[in-house]
Amino acid sequence: MLYRKVPKSGDELSILGFGCMRLPAPAGGSGIDEERAIRQLRYAIDHGVNYVDTAPAYHFGKSEKVLGRALEDGYREKVRLATKLPPWSVRSRGDMDRILDNQLAMLKTDHIDYYLLHSLTKESFERLKKLGVLEFLSAARKDGRIRNAGFSTHAELLTFKEIVDAYDWTFCQIQYNYLDEQNQAGTEGLKYAHGKNLAVMIMEPLRGGNLGGPVPEEVKKIWDASPVKRSPAQWALRWVWDHPEVTVVLSGMNDEGHIDENLKAAEDAYPRSLSADDLSRIALVRDEYKRLMKVGCTGCNYCMPCPAGVDIPGCFSLYNSRHLFPHDRSAKFQYLSRHGGLMGGVSYAGLCRACGKCEKACPQHLPIRDCLRDVSKEMEGGMRIIIPVLKGGLWCMDQAGKVKRIFFRGNRA
Ligand code: SF4
Ligand code: SF4
């Protein structure tokens, strides 16, 4: 395992981090196969992984609990632990302390090494700031409950830079892979954060597993022609690690074979270690995926901001994912949560007022208004019902947690 240094804390973190958002499910069932998940986590830690990342939203609150169990028996001391504050559960300054204290109990620890504000949007960050989140982070760092503050986001570049500049963060977490160089924060955001001395943790290096799964035949042919043999997942991971600005790449591992494959890929993933031939092969694969995309949006952001609030490249990216990887059903859920308002403000395609401003700025000369109409038709069916239901679910989870704590306090008294 190789390690990279966090500039502000001095921690040496494994370049492969264990993401606990997709822990293994029991055979033929849903939820988490706890024994298997614990075995996998400890195996990865025994093989050099020292950064583990979870959140209350993963597995509807169960991921933190299982990770807390996995880190018993001396494993807590071997890792730097990351979890997140869910903005959608916060309605007051007091909620922040309550949620953090509950997380410490679930994770069976007295401190979180890397604490993130989860999936910030422009709107959720503004709302949290008004509720005092920056003061909360500083106070929790001072009293030792958290060691380092950071944030994760899928926001576009401008918002990303504003958030980077708003606080003395130690780190941030962004989506980055060879198809998303210009999407969300992208390469420019990665370099911007690194230039401000932030460690950068990468999520979705395989775009939700799609770049490592069964790949289109045309893509497979390009990989197969390489004299260097790597699996599609190893190519994708190596591309991310090739950037010296990257600190940790998180992989949501739930299969023993995938863990070994990722550990192997991390063995010699030094920055700038890919050859010119490797890089041009990855460029060929990227071009092939772009050719297969439904909307030829490069994510350049020239069309932004939209006066109606549409996240134009964000909507196109998930629409393209849905068509490129039809076996993956998560694109629509991600669309609804990111653009439909589950995580913060709304930015879905259906908000378009057809003013035409964006089309004048698009270097690809895309018929953006027509494309957005298609996106809206395909991705927003049932949105007005699904979003309130999901929000209700999150609220219930939060209330259930509160009731449990009241009950627990009552028993002790
Ligand atoms: S045409 Fe639609 S998406 Fe484009 S700028 Fe106007 S409102 Fe926004
Ligand atoms: S300007 Fe065109 S290519 Fe660039 S992000 Fe907007 S829609 Fe995509």
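Which residues are linked with R93 in a network of salt bridges? Select R93, D97, D101, D143 and R145 together, and you have the members of that network on screen, in what is a predicted model.

Widen the view next: a search of the whole structure finds 32 salt bridges, and three further pairs are worth a stop on this tour. Begin with R207 and D180, whose closest N and O atoms are 2.7 Å apart. R207 sits in the loop between β9 (199-203) and α8 (217-224), while D180 belongs to the loop between β8 (171-175) and α7 (186-195), so that the pair links distant parts of the chain, 27 residues apart. Both R207 and D180 are buried.

Now select R286 and E181, which meet in a salt bridge at 3.3 Å, N to O. This pair also links distant parts of the chain, from helix α11 (residues 276-292) to the loop between β8 and α7, 105 residues apart. R286 is buried, at 12% relative accessible area, whereas E181, at 28%, is partly exposed.

R281 is buried at 12%, and D277 is partly exposed at 36%.

Finish with the ligands. Around ligand 1 the shell has 9 nonpolar, 1 polar and 2 charged residues, and C306, C352, R353 and R369 are among them. Around ligand 2 there are 13 residues, of which C297, C300, N301, C303 and C362 come nearest; that shell divides into 9 nonpolar, 4 polar and no charged residues.

Conventions:
Residues numbered from 1 in each chain as written. Chains lettered and ligands numbered in written order. Predicted model: local features only at pLDDT ≥ 70, side-chain atom pairs only at ≥ 80, totals over all residues. Heavy atoms only, no water. Near = heavy atom within 4 Å. Nonpolar A, V, L, I, M, F, W, Y, C, P; charged D, E, K, R; others polar. Salt bridge = Lys/Arg side-chain N within 4 Å of Asp/Glu carboxyl O. Helix = DSSP H or I, 4+ residues; strand = E, 2+ residues; numbered from the N terminus. Buried < 20%, exposed > 50% of the residue type's maximum accessible area, 1.4 Å probe, protein only.
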